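Let us read this structure together, one feature at a time.

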Amino acid sequence: MNNYRAPLTDMKFVLSEILDLERILELPDVYADSEILETIFNEASKLASEVISPLNSVGDRAPSTLQNGLVQTPPGFLDAYNKFVSGGWNSAAFDPAIGGQGLPRSVTMALFEMWESSNMAFSLCPTLTQGAVECLRLHGSTELKSLYLEKLVSGVWSGTMNLTEPQSGSDLGTIRTQSERDGNHYRLRGTKIFITYGDHDLTENIVHIVLARSPGKASGIKGLSCFLVPKYLVNPDGSIGALNDLKPISIEKKMGIHASPTLTMSYGEDGGAIGYLLGTENKGIEVMFTMMNNARLLVGLEGVAIAERSYQLALNYARERHQGRIAGDNGSESKAIINHPDVRHMLMLMKAKTEAARVLAYMAAGCSDHALHNPNKNVRLLNQDQLDLMTPLVKAWCSDVGVEVSSLGIQVHGGTGYMEDTGAAQLARDARIVPIYEGTNGIQAVDLVHRKLTHNDGQTVKNFVDRVKTLNEELVRDATIGSAYTDDLKVIYRSLEDSCAALKTATYWLASSDNLTESLAGATNYLKMFGTVAAGYGMALSALRSSQKLKSGTNDPFYKAKISTARFYAEQVLSPSTSLLGPITRGTTSLFSIPPEHMD
């Protein structure tokens with residue numbers, strides 16, 4: 001597999017030109033400046049490409065193992081993780097008051113893209129720790145924070161999320177793990193499955209965030225509470241104490257991300273695992289969603305990351321692989337396959353969707369920065385609403401892009417892509433879990449239609465549509481005042497206008513429907529349409545900013561390529577999204593016309 005190279009130029013373009021990073025750096029409690037960020041990006045890129053990336057294929061071929069109750073990660077992982085922690089990368093996103101570096105979320109989004117592209121299986125450990133920190137920071141007692149927060153922020157300790165049980169997948173109301181109060185703590189008993197990094201040898205302690213049923217409470221989500229359950233108990237002075245009553249009992253053999261240990265965990269076989277309440281009893285779902293919403297953005301980013309690495313791999317191969325003559329070329333020599341129209345179409349689709357997914361994910365991170373730090377309350381609320389709307393889009397649309405682009409990467413390679421040696425197959429296998437993680441993409445579609453769409457009487461969606469309208473007005477102005485890319489901008493404008501009009505019609509139909517089953521039947525296609533349009537907005541804005549750069553005198557081919565890629569996206573991805581209007585609004589007649597017993 002070709003080594004990963006961080007796309008720093010595109011990352012910086014999105015941050016500076018789309019998110020207006022300079023403005024974000026001026027927000028209160030953001031601790032960074034442009035000069036520091038340049039160093040940070042360069043050092044992160046080195047760590048990703050030189051240390052973490054070479055372990056990607058190593059971990060795929062020599063996965064984590066469980067022996068005698070202990071998990072051992074692949075060769076090289078411990079050394080890489082120690083370098084990751086000693087470099088301060090785990091603490092980048094957090095407040096300096098708790099040991100963090102105070103970098104804005106938009107910047108740490110770019111950093112996490114590097115970790116995820118270089119080695120998705122490796123990145124899952126710090127990703128989960130990020131969520132555990134947020135959960136503890138917002139819902140932990142003063143005592144718990146003093147004992148656990150600093151070690152989690154630094155990465156010396158890691159965090160996990162324990163939700164799923166054998167009988168309970170997405171339906172958390174069926175969770176059976178029990179909690180029983182015992183003085184100032186609780187004792188937990190039960191089994192959790194699919195626990196990522198539930199045990200490993202990278203850190204000296206592992207802090208599990210566990211959802212369990214409150215004492216004597218009936219079934220359903222209202223009887224659930226959230227607990228902090230450490231692998232090793234922690235003494236009052238912060239030192240490591242005795243092993244808690246929990247253990248990994250099996251490790252899954254998975255389709256991909258082999259290096260990441262996915263475990264079945266047993267709690268309380270010998271008296272009960274000691275845990276500490278986070279938040280209040282019976283409010284566990286609310287507490288856990290702090291962690292899940294954080295994770296959903298980073299999971300969507302995994303789709304971007306896998307797509308980027310797949311594109312790099314396919315592009316390098318297409319430039320080097322010579323096969324066949326090019327149409328219209330009378331020469332006898334074969335040419336690089338990048339010159340064949342079908343291969344070029346696949347590569348452009350990979351490039352356009354990857355860049356579109358990146359700008360969508362980063363825009364959500366920019367909303368997060370303003371929601372957290374903007375001194376204007378109304379601006380904070382507006383950005384929080386936009387972030388809430390975009391979270392299911394980023395999680396679902398971007399993760400689908402990762403699957404599609406990694407599959408195209410195999411196709412570009414042809415038969416060699418199906419062989420493991422190229423690395424293309426590993427990327428496709430790794431990508432496939434992402435649409436399932438943190439609430440399947442179908443659940444994200446339901447969340448979008450039945451929560452986000454109607455929130456604030458639909459004003460949040462209307463605000464997005466208004467932003468598209470304003471951008472289109474800018475595109476028209478720019479296209480009529482001497483741009484060398486007038487035709488490109490006009491194509492982008494028309495595609496964005498038409499697709500947004502279809503989105504408005506679909507939104508109105510769903511919001512007006514009083515038939516729950518019919519609206520659910522259209523939800524997945526609606527999310528696909530909304531994600532395509534939202535990413536299209538980002539691509540159109542990229543084209544506009546690039547046109548302005550070129551008119552200012554620069555001749556950088558990067559900006560020319562940006563406009564061409566945005567036009568390709570408008571023609572080949574955005575325009576076809578209008579055809580989803582029919583499937584969204586056609587209801588359930590054909591969907592449920594065949595009885596379940598006759599579907600064989």
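Q: How are angles between helices put into words?
A: Angles under 35 degrees count as roughly parallel, and angles over 145 as roughly antiparallel. Keep in mind that this is a predicted model.

Q: At what angle do the axes of H11 and H12 cross, and how close do they come?
A: The axes cross at roughly 160° and come within 9 Å. H11 covers residues 377-413, and H12 covers residues 424-431. The two helices are therefore roughly antiparallel to each other.

Q: Which hand does the crossing of H11 and H12 have, left or right?
A: The crossing is left-handed.

Q: Which residues of H11 and H12 meet?
A: H11 brings Gly402, Val403, Ser406, Gly409, Ile410 and His413. From H12 come Ala424, Ala425, Leu427, Ala428 and Ala431. By class, this contact holds seven nonpolar residues, four polar and no charged.

Q: Which residues line the largest cavity?
A: Its lining consists of Met363, Gln386, Leu389, Met390, Leu393, Phe464, Arg467, Phe530, Ala534 and Tyr537. The elements giving two or more residues are H11, helix H14 (459-479) and helix H17 (523-551).

Q: Which element gives the most to this lining?
A: H11 does, with four residues.

Q: How do the lining residues divide by class?
A: Eight are nonpolar, one is polar and one is charged.

Terms used. Residues are numbered from 1 along each chain as its sequence is written. This is a predicted model: local features need pLDDT of at least 70, side-chain atom pairs count only at pLDDT 80 or more; totals for chains, interfaces and linings use all residues. Side-chain values use heavy atoms; hydrogens and water are left out. Axes are lines fitted to C-alpha atoms, for helices over the stretch in contact, and angles run from 0 to 180 degrees between N-to-C directions. Angles under 35 degrees count as roughly parallel, over 145 as roughly antiparallel, 65 to 115 as roughly perpendicular and the rest as oblique. A crossing is left-handed if the near helix is turned anticlockwise from the far one by less than a right angle, and right-handed if clockwise. Contact means heavy atoms within 4.5 Å. Ala, Val, Leu, Ile, Met, Phe, Trp, Tyr, Cys and Pro count as nonpolar, Asp, Glu, Lys and Arg as charged, and the others, Gly among them, as polar. On a 1 Å grid over the protein atoms alone, a cavity is a set of points where a 1.4 Å probe fits but cannot get out, and a pocket is an open set with protein on both sides within 12 Å along at least five of seven lines; lining residues have an atom within 4 Å of a point.
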